[in-house]
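Dear colleague,

I am handing over a structure to you with this message. Please look through the sequence and the model below before reading the notes that follow.

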Amino acid sequence: MEIVIVPDASAAGELIAAAITDLLTDKPDALLGVATGSTPLPIYRSLAERVRDGRLDASRARICQLDEYVGLPAGHPESYRSVVLREVVEPLGLTEDSFLGPDGNAADVAAAATAYDRALAEAGGVDLQLLGIGTDGHIGFNEPCSSLASRTRIKTLTRQTRVDNARFFDSIDQVPHHVITQGIGTILEARHLVLLATGEAKAEAVALAVEGPLAAAVPASALQLHPHATVVVDEAAASRLKLADYFRDTYAAKPAWQKL
Ligand code: PGA
């Protein structure tokens, strides 16, 4: 894993947007896995700015979802499909045709999850998957003790995750209990994983994931198994890392030609 410590969320957004720009320059129809939540918004803002000022041609990019609530009505503004269309697909000038996501409203949710796993593979696999991290160490909606080999499936949210996400709804009672999420095994198949964490509230989860043992109780520790995983953190999210100085030195010494 490469750990990159940046001053703040906006620097993180720029750095990751630059990596995505490089990817789309090398492979214009790359499949980009996007995450929802507040953390990745600076990345999406920077990407949209790059498209507007001509530094990025994203016209052939393909976008796919990491996870989705089960049972929100179609078109609900907080369904992750709506969020990704609003925050990523539309600002990049793309259409729904370039977008892959699971159907959280399917009559058979388990079958919809399996179908989405298959669709990702049939699309050639994810080139770069953006990830956030929950305060409980989740990635996607793989809550603690998810199998490290799990595939895309239905999961039940912990109370902590529902509390964390209540800010997007009028009350916690409206936060769904169930979700479809790419499994940890599915996530590990992406060619490059980029996890972004900002803010003090994530510091403990980041330290456990990066410096703790590989453990199903900390789903983000699964990144330790991936040959190309990058963890970008701001100073606050890095504040519990014992090896922070080593990570700073290593990144500073990285040859300019080596991409993120
Ligand atoms: P956040 O969510 O970016 O809104 O903190 C991250 C996550 O739960 O994975």
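In these notes, a residue is buried if its relative accessible area is under 20%, exposed if over 50%, and partly exposed in between, using a 1.4 Å probe and protein chains only. The model is a predicted one, in which local features need pLDDT of at least 70 and side-chain atom pairs count only at pLDDT 80 or more, while totals for chains, interfaces and linings use all residues. Residues are numbered from 1 along each chain as its sequence is written, and side-chain values use heavy atoms, with hydrogens and water left out.

Overall form. The protein has eight helices and 10 strands; these are DSSP runs numbered from the N terminus, helices being H or I of at least four residues and strands E of at least two. Its radius of gyration is 17 Å, close to the 18 Å that the globule rule gives for 260 residues, so the protein is as compact as a globular protein of that length. That radius is taken over C-alpha atoms, and the rule is 2.2 Å times the number of residues to the power 0.38. Of the 260 residues, 54% count as buried.

Seven strands make up an open sheet with parallel pairing, in the order 1-10-9-6-2-3-5; two strands pair if DSSP finds at least two bridges between them. Strand 1 (2-6) and strand 5 (99-100) are at the edges with a single partner strand each, so one side of each has no neighbour in the sheet. Strand 5 is joined to strand 3 (residues 62-65) by two bridges, and Cys64 has Leu100 as its bridge partner.

The cores. A nonpolar core is a set of buried Ala, Val, Leu, Ile, Met, Phe, Trp, Tyr and Cys residues joined through side-chain atoms within 4.5 Å. The largest has 66 residues, and those touching the most other members include Ile16, Ile63 and Leu241. Helix 1 (residues 9-26) gives the most to this core, with seven residues. A second, separate core of 10 residues includes Tyr80 and Phe141. Beyond its neighbours within four places in sequence, Leu241 is in contact (heavy atoms within 4.5 Å) with residues including Ile3, Val233 and Phe247.

Cys145 lies in the loop between strand 6 (128-131) and strand 7 (153-156). Although Cys145 is not a glycine, its phi is positive, at about 75 degrees. Cys145 is exposed, with a relative accessible area of 58%.

With kind regards
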